[in-house]
Each structure stands twice: as C-alpha cells, then as structure tokens.
Amino acid sequence: METISCNGSGDSSTTFYLMGIPSLPKSLFLPIFFVFLLLYVLILMGNTFILVAVVAKPSLHKPMYFFLINLSTLDILVTTTTVPKMLSLFLLGDSFLSFPACFLQMYLFHSFSSSEAFILVVMAYDRYVAICRPLHYPVLMTPQTNTVLTTSAWLTALLLPIPAVVQTSQMAFDIIVHIYHCFCDHLAVVQTFMGFCITMVVSFLPLLLVLLSYAHILTSVLCINSQEGHSKAFSTCSSHLLVVGTYYSSIAIAYVAYRADLPLDFHVMGNVVYAILTPVLNPVIYKLRNKDVKAAITKIACPQEPKNARKP
C-alpha cells in the first residue's frame, strides 16, 4: 500500500490526511459514525463496570481480577487512542492529523495493544499456577509479584514500539501524506522491516507463551480423575481462553487483510476490527462466563433495596 512519496522531509510541517474507508459513499458516513459511537460507548461502559466491580467487591480482590482490571484499563486506553478521531472523521470530515499527533497516536496504539498481549500472558501464567501448582499459589502470586508482573508487561510494551516509530518519523515525507486508514497505524503509514519484526515479536511470542501455559494446564487437568475436577479446572480458564481467542482472531484478520491481495477497504476494515473487536467483547465474555464478575456488575447496575427497609 503506497502511502508516502519520499521527495520531502518528514518534520512538523508534514500533515497526514486520513482517507478513512476509501470507497465508502459519503451517505454512509453518518450510519458508520453511529455504529462506532455505539461500540465506543459499550466499550467504555462495559470496562468501567468491570473496574468498579473489582475495586468495590472485596471478594474479587484476587490476582486474576487484578490482572483483569489492567486488561479493562487497556481496552479503554487503546480505543480512546483511535476511536474519537474516527468519530470526528466520519461526522465532521476531520481528516487531518499533524505530524506529532500522527506519531503519538501510532505509538500509543501499538504500546497499548502490545500491553494487552503481555497482560494476557500474565493471566495465562496465573491460571497455570492456580491449576498446576495450587498449594504454592498464595506464595507465588503475592501482591508484590502481581505488581511486578503487570509493571513489566506495561513497561515492555511501552518500550518496544519506540524504535519502529522513531525510524518511521525520520523518513522523508511530502507536505501532505495520504493514509488509507481511519487512524495512524504504522503499517498504513509505511511498512518497514523493523516494524514488521516488532509486530511479529509482539504477536507471536506472547501467543507462544500462552499456548505453553495451557499445554501444562491441559496435561495437569488430564491427570485429574473426576469429571467434576475437569469441569472446575476448565471453567476457571474459559473466560481467559475466549479473550485470547478473540484477541488473536482479530490480529489474524488484520494480518490477512494487509498481506492478502484484497481490495483496499478490506485492509482498513481488518485493522479497525482489530482495534475494536476485543475491547467490546472482553466485558461481555467476563460478564457471561464469570459468575463472580457477573454478580458484582449486576449488583452495581441494579442495586436491590434492603429487605428491612421500611415501606412508606
């Protein structure tokens, strides 16, 4: 996808023009705006409910839910990095981004997306310890250890995209650069080898670690003789497995959209799906699959009147 002409110099005078979904008729801009707005509101509400529920309910003050609030925070951040600009694009036709704004959006989007991948690895490790080494769980998964794991995940993800973003920002650009996308994604601005390598590391190394954790979990579960034990073990992992599946399915869609010989609109929509699908589904998955989270959110959303309350 050719998006730049290397005739000028990339500096603060360069302006990036977002093409959005190129072949989308303008008559559909407003419906698309409302669809994205609805999804964004659902993302904010769903993940905020999870944050409030976990913080407010003492029974959820466990490592698994500590990692979950990190995941919900990242879902809010990654969509807030991209969706407001997309809404402005489709409602107001606000297609321009300054040079600093484009690269800041690019960096934040990839940092927060990478953080999600690493948090999913930490959550898989938590499930591995809980199922394969249950007697050591209180010793291994202490609050201090949990803080170190999440801090490492955040810091690693914040540092990884820097080389690719810096390299891209130092390339030569024309005064106006047309980006065939709804936001400043690295592969939409320019496809560099370093950017591709970092994408592969961030995508496949965490997936490999998650699969390794679940290989150990599966081996341990198969050693359990009772059917009830099997069900209990798998039920503790089901929500996380669905989230992992959703996350990597959206990555696969985005990757295939870029690499396959498909119309340009599929390239754009593939990455938009990656940016929105996981954040909107995560709260739904945890609300439907996790009884503790479901009960806490229901209690917050629909508080019951105390039984001993006097009637007027």
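Biologist: What pattern does the chain follow along the sequence?
Modeller: Read in order, the pattern is β-α-α-β-α-α-α-α-β-α-α-α-α-α. This is a predicted model.
Biologist: How many helices and strands does that come to?
Modeller: The chain has 11 helices and 3 strands.
Biologist: Where does UniProt put the feature "transmembrane region"?
Modeller: The UniProt record, an unreviewed entry, places that feature at residues 28–53, 65–87, 107–125, 146–166, 193–218, 239–258 and 264–285.
Biologist: Take 65–87. How far apart are the end C-alpha atoms, and what is the span made of?
Modeller: They lie 32 Å apart. The span is 100% helix and 0% strand.
Biologist: And 107–125, what are the values there?
Modeller: There the end C-alpha atoms are 27 Å apart. That span is also 100% helix, with 0% strand.
Biologist: Switching topic. Which residues are buried in helix α6?
Modeller: Helix α6 covers residues 162–169, and A164, V165, T168 and S169 are buried in it.
Biologist: Where do they sit around the axis of α6?
Modeller: Looking down that axis, the buried residues fall within an arc of 130°, so they line one face of the helix.
Biologist: Why would residues three or four places apart point the same way?
Modeller: Because an α-helix has 3.6 residues a turn.
Biologist: Now the whole chain. What share is buried?
Modeller: Of its 312 residues, 46% are buried.
Biologist: What about the accessible surface?
Modeller: The total is about 15700 Å², and carbon and sulfur atoms account for 69% of that.
Biologist: Last one: among contacts with a separation of 6 or more, what share joins residues 24 or more positions apart?
Modeller: That share is 83%.

Notes:
Residues numbered from 1 in each chain as written. Predicted model: local features only at pLDDT ≥ 70, side-chain atom pairs only at ≥ 80, totals over all residues. Heavy atoms only, no water. Helix = DSSP H or I, 4+ residues; strand = E, 2+ residues; numbered from the N terminus. Buried < 20%, exposed > 50% of the residue type's maximum accessible area, 1.4 Å probe, protein only. Contact = heavy atoms within 4.5 Å. Areas by Shrake-Rupley, 256 points an atom, 1.4 Å probe, with all protein chains shown as cover. UniProt positions renumbered as here; feature names shortened; annotations may be inferred. Arc of directions from axis to C-beta.
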